[in-house]
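Dear colleague,

I am handing over the structure below, and I would be glad if you could look through it alongside these notes.

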Amino acid sequence: MSSWKQRTLIALSVAMMAGASVATLPERTLGVDAVELIAGRETAGKPEFAVLHEGIEYRFATPENMAAFEREPAKFEAADGGACGRMGPLASLGDARRYAVHGGRIYFFSSDGCRAGFLKEPDSYIEVDDTMPFGSNDQVLQGRGTLDKLVAWAGGAERLKAIPSYRSHAARTEKQGGKDWAVTNETVILFPNSYFQKEAWNDSWFSTLSGAEGGAMGSRRGLERIASSRTRAFNRAMARQPIVLLKAHVDGAPKADCPGLVVIGDGEGEVDGVPVEFVKVWLNGSGSRLAVEKNTGKLLALSFHGRDGTMKVGESFRRFTEYATVDGVTLPTAYSVTFDGKAAASSGGKVDSFEASGTVPPDMFRIESK
């Protein structure tokens with residue numbers, strides 16, 4: 001197992017031990033005043049001026065600074081809910097005693113090495129929402145027309161509208177450290193906006209979910225609610241799933257806190273010599289560029305800016321290599337990755353099976369009851 005995955009599992013296990021209160025742990029307590037820290041000053045906070053915010057206890061030097069935090073927590077809170085600033089919002093939690101300030105934000109780190117690596121090139125590790133694309137009316141019409149072709153190839157609008165959920169499973173064997181690992185991945189989506197992913201390495205596993213009650217991460221030791229910024233990062237990653245983009249296009253109704261799927265035509269070109277139409281899409285803060293085969297509507301590739309099985313943030317190009325039709329729906333089932341212009345074999349993905357008409361356990365996206 002890779003070192004960052006090991007650290008993720010260890011951090012989740014420690015944080016979710018039975019009876020442990022995250023806020024009382026030293027690593028979940030920022031002992032310096034966050035307001036002062038953003039201003040470039042390190043000033044010790046006091047226990048009597050403390051605020052518990054999304055699993056982190058923030059201590060302040062004065063009641064005025066505490067009040068400033070309570071008025072605008074997003075301005076002073078730790079980035080990514082306190083996740084390790086180098087490994088990203090969906091990796092392990094950082095330690096509040098190991099912090100740094102960059103660009104007016106406070107970052108926590110899971111090790112001294114992570115902190116040092118981040119400070120060498122911080123912009124290579126920071127994830128944020130992608131800028132929503134804008135275009136002319138003609139570009140909008142072109143983009144929607146291209147997605148209509150993709151929808152027809154994938155099974156048609158009526159079939160896609162009727163899908164209540166999506167579930168996929170993948171398994172592989174890896175040999176690391178002289179040991180064989182049985183690795184499984186599961187993705188479950190309950191439309192329109194509930195997501196679940198689970199990865200297991202032999203008996204160890206961790207999961208992430210997002211639903212009406214917010215977001216959470218789990219392991220064998222239990223489930224822990226995560227900060228809204230980490231939930232947002234998970235939703236961004238899920239918005240790169242082709243089935244999510246297809247459903248958003250055919251369903252058409254935006255959520256209350258999101259303008260829905262933004263679609264902008266981006267011209268024509270070729271992928272591996274095949275004529276394609278390009279279209280930019282944006283959903284839940286995630287921007288992607290799709291390459292759709294001009295003659296058939298087949299989805300050939302998807303590119304985006306972010307992490308893709310990588311430590312750093314960069315430009316990922318997923319070239320779809322295999323497809324399957326199940327329950328009248330055609331979707332990609334495997335892809336290779338080119339990251340920052342270089343082949344990244346370890347970042348490729350494959351789905352062994354999927355279903356688009358199954359049932360989802362009613363408690364899968366519940367947090368409090370688990």
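What follows concerns nonpolar cores, aromatic pairs and charges over rings.

This is a predicted model, in which local features need pLDDT of at least 70 and side-chain atom pairs count only at pLDDT 80 or more, while totals for chains, interfaces and linings use all residues. Residues are numbered from 1 along each chain as its sequence is written, and side-chain values use heavy atoms, with hydrogens and water left out.

The largest nonpolar core has 34 residues, a core being a set of buried Ala, Val, Leu, Ile, Met, Phe, Trp, Tyr and Cys residues joined through side-chain atoms within 4.5 Å; buried means under 20% relative accessible area, with a 1.4 Å probe and protein chains only. Among the elements that each supply at least two residues of this core are helix H6 (137-154) and strand E14 (286-293), helices (H or I, at least four residues) and strands (E, at least two) being DSSP runs numbered from the N terminus. A second, separate core of 19 residues includes Phe60 and Tyr99.

Rings of Phe, Tyr and Trp (its six-membered ring) pair if their centres lie within 6.5 Å, and planes under 30 degrees apart count as stacked, over 60 as edge-to-face and the rest as tilted; by this rule there are nine aromatic pairs. Phenylalanine 320 and tyrosine 335 have ring centres 6.1 Å apart and planes at 85°, so this pair is edge-to-face. Phenylalanine 320 is buried, at 5% relative accessibility.

Finally, lysine 179 lies over the face of tryptophan 181, 4.6 Å from the ring centre, where the rule asks for NZ of Lys or CZ of Arg within 6 Å of the ring centre and within 35 degrees of the ring normal.

Best regards

Note on methods
Buried means under 20% relative accessible area, exposed over 50%, partly exposed in between (1.4 Å probe, protein chains only).
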